[in-house]
Amino acid sequence: MKILRGEAVRLKTIVRPFIIRNYLRKYDFRMLNLGAGPHAGGAWLTADAFKAEADIYMNVGRKFPFRDNTFDVIYSEHLIEHIFIDKIPHFLQEVHRILKPGGLFRVTTPDLEIHAKNYVEKNSAFFQPIVEKYQARLDTQKNKYWLVRNNAGAFMTRAVQRFYRHRWMYDYETLSSCLYEKGFTKCIKQSCRQSILEAAGKKDRTDRAFETLYIDAVK
């Protein structure tokens, strides 16, 4: 399956029912990682629309291939900002549907408040790693990256589709209100590796901590 790339990973839908069934038989405490990329699953069932290394192919813009109340935990790291904004209600509704009552949705995403605060305060140290990242790529894609030369350019790499195919930037107020509207009973703003469930917090990538919003949402 590793020879598959991009949307060709959809071919994995053929074996998806068998993989899901085997996972559910094996684990009583069930954990789903959405947009997992190439990261190993272990006790997690991993899902991705573009990476063949994930356990199953899954397009989060469509109905999730699981029954109601299937999972104890759902984890999503830097995925929601890639989803078309008109699909967000569906995405959150489906996450809520397949979580067990009392289950946890751990969602992380670039934090608009963090970026805006550092931009207004002219904190070049915050944005410099982003600037350096794109300056190093000028030889290969100069026309795309040449404007990323200061704090503003670095901020905009998180805010426009041109760079990461991001569709939106969220702050806690916006995302938590969306989660509450879709039926979640509690939203807790957390930090990297801090969660009401240790296994969920351990999934956080520390290299993203400087710019990330972390929310534990309980069904």
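Here are legends for a few close-up views of this predicted model.

**View 1. Helices H4 and H6 cross each other at about 75°.** Here we look at H4, which covers residues 124-135, and H6, which covers residues 151-159. Their axes sit 8 Å apart, and the angle makes H4 roughly perpendicular to H6, because anything from 65 to 115 degrees gets that label. On the H4 side, Ser124, Phe127, Ile130, Val131 and Tyr134 do the touching; on the H6 side, they meet Asn151, Ala154, Phe155, Thr157 and Arg158. Sort the residues in this contact by class and you get six nonpolar, three polar and one charged.

**View 2. Thr46 is tucked away in strand S2.** The strand runs over residues 44-48. Thr46 has 0% relative accessibility, so it counts as buried. Its side chain reaches the backbone nitrogen of Asp55 at 2.8 Å.

**View 3. Phe64 and Phe91 make an edge-to-face pair.** To describe two aromatic rings, you give the distance of the centres and the angle of the planes. For Phe64 and Phe91, the centres are 6.2 Å apart and the planes are at 65°, so the pair is edge-to-face. Phe64 belongs to the loop between strands S3 and S4, while Phe91 belongs to helix H2, so to speak 27 residues apart. Both Phe64 and Phe91 are buried.

**View 4. Five aromatic residues gather in one cluster.** The members are Tyr119, Phe126, Phe127, Phe155 and Phe210. Across the structure there are 14 aromatic pairs.

Key: Residues numbered from 1 in each chain as written. Predicted model: local features only at pLDDT ≥ 70, side-chain atom pairs only at ≥ 80, totals over all residues. Heavy atoms only, no water. Axes fitted to C-alpha atoms, helices over the stretch in contact; angles between N-to-C directions. Helix = DSSP H or I, 4+ residues; strand = E, 2+ residues; numbered from the N terminus. Parallel < 35°, antiparallel > 145°, perpendicular 65-115°, else oblique. Contact = heavy atoms within 4.5 Å. Nonpolar A, V, L, I, M, F, W, Y, C, P; charged D, E, K, R; others polar. Buried < 20%, exposed > 50% of the residue type's maximum accessible area, 1.4 Å probe, protein only. Polar contact = N/O pair within 3.5 Å; in protein donor to acceptor, adjacent residues only side chain to side chain. Phe/Tyr/Trp six-rings, centres within 6.5 Å; stacked < 30°, edge-to-face > 60°.
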